[in-house]
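Please look at the sequence and the model first, and then read the points below.

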Amino acid sequence: MAEKKFAGTRVEVNEQVVAKLTSFTHSLEVEEADVTGLGDTVDGGGVFRQKFIAASVGETVSMEGIALLDDDGQSELKRVSELGQEAVIKHTDSTGSGYALTGFFTTYEEEGSVSEGVYTFSGEFRVNTKEAITEESAPGGE
């Protein structure tokens with residue numbers, strides 16, 4: 001199996017490419033519910049054997065990068081964050097495959113320091129819906 005590399009990754013916010021990303025994280029979190037009943041016991045004893053089911057799945061995206069004043073993608077990211085608007089993030093690899101993620105930014109931050117000499121940005125995005133993008137459906141695909 002071929003490894004997946006970060007180079008060639010493309011991230012768009014509302015169809016505007018975000019330049020100078022240094023980090024991108026797509027996370028899933030599954031919450032569980034305890035469904036242990038009176039009949040769920042360990043063989044030979046009166047001790048309960050706990051049983052759980054997946055109750056909900058949550059997804060978030062985190063991204064960081066070098067802040068550029070004239071980048072359309074970074075400007076769109078900041079704009080929708082400031083307004084609390086729904087946005088679509090497209091995250092694709094070098095083949096054009098990936099996901100279109102719809103949701104909203106829960107945090108946006110810009111920071112810089114004299115010691116670093118670089119101004120950076122970061123954002124956290126709550127995913128509400130996810131649609132797969134395949135090589136065939138990507139621009140230029142078959």
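**Charge**

The protein carries 11 positive and 27 negative side chains, and the centres of the two sets lie 3 Å apart. In this count Lys and Arg are positive and Asp and Glu negative, while His and the chain ends are not counted; the place of a charge is NZ of Lys, CZ of Arg, CG of Asp or CD of Glu. The model is predicted, with local features needing pLDDT of at least 70 and side-chain atom pairs counting only at pLDDT 80 or more, whereas totals for chains, interfaces and linings use all residues. Residues are numbered from 1 along each chain as its sequence is written, and side-chain values use heavy atoms, with hydrogens and water left out.

**Overall form**

- The protein contains one helix and seven strands, where helices (H or I, at least four residues) and strands (E, at least two) are DSSP runs numbered from the N terminus.
- From the N terminus on, the order of these elements is β-β-β-β-α-β-β-β.
- The radius of gyration, taken over C-alpha atoms, is 21 Å, whereas a compact globule of 142 residues would have a value near 14 Å; the globule rule is 2.2 Å times the number of residues to the power 0.38.
- Along its principal axes, the C-alpha trace spans about 70 × 45 × 30 Å.
- Of the 142 residues, 27% count as buried; buried means under 20% relative accessible area, exposed over 50% and partly exposed in between, with a 1.4 Å probe and protein chains only.
- The protein exposes about 9,600 Å², and carbon and sulfur atoms supply 49% of this area, which is computed by the Shrake-Rupley method with a 1.4 Å probe.
- Among contacts (heavy atoms within 4.5 Å) between residues at least 6 apart in sequence, 62% join residues at least 24 apart.

**Nonpolar core**

- A nonpolar core is a set of buried Ala, Val, Leu, Ile, Met, Phe, Trp, Tyr and Cys residues joined through side-chain atoms within 4.5 Å.
- The largest such core has 16 residues, and Met-63 and Phe-125 have the most contacts inside it.
- At least two residues of this core come from each of E1 (10-13), E3 (21-34), E4 (52-66), H1 (72-83), E5 (87-92), E6 (98-112) and E7 (119-133).
- Strand E7 gives the largest share of this core, three residues.

**Two contrasting positions**

- Ser-81 is found in helix H1 and is buried, because its relative accessible area is 17%.
- Ser-81 touches Phe-105 and Tyr-108, not counting residues up to four places away in sequence.
- Ala-55 lies in strand E4 and is exposed, with a relative accessible area of 52%.
- Ala-55 touches Glu-31, Glu-32 and Ala-33, not counting residues up to four places away in sequence.
- Ala-55 and Gln-74 are 19 residues apart along the chain, and their C-alpha atoms are separated by 35 Å.

**Positive phi in loops**

- Most residues other than glycine have a negative phi.
- Asn-14, which is not a glycine, has a positive phi of about 50°; Asn-14 lies in the loop between E1 and strand E2 (16-17) and counts as partly exposed at 26% relative accessibility.
- Lys-20 has a positive phi near 60°; Lys-20 is placed in the loop between E2 and E3 and is exposed, with a relative accessible area of 52%.
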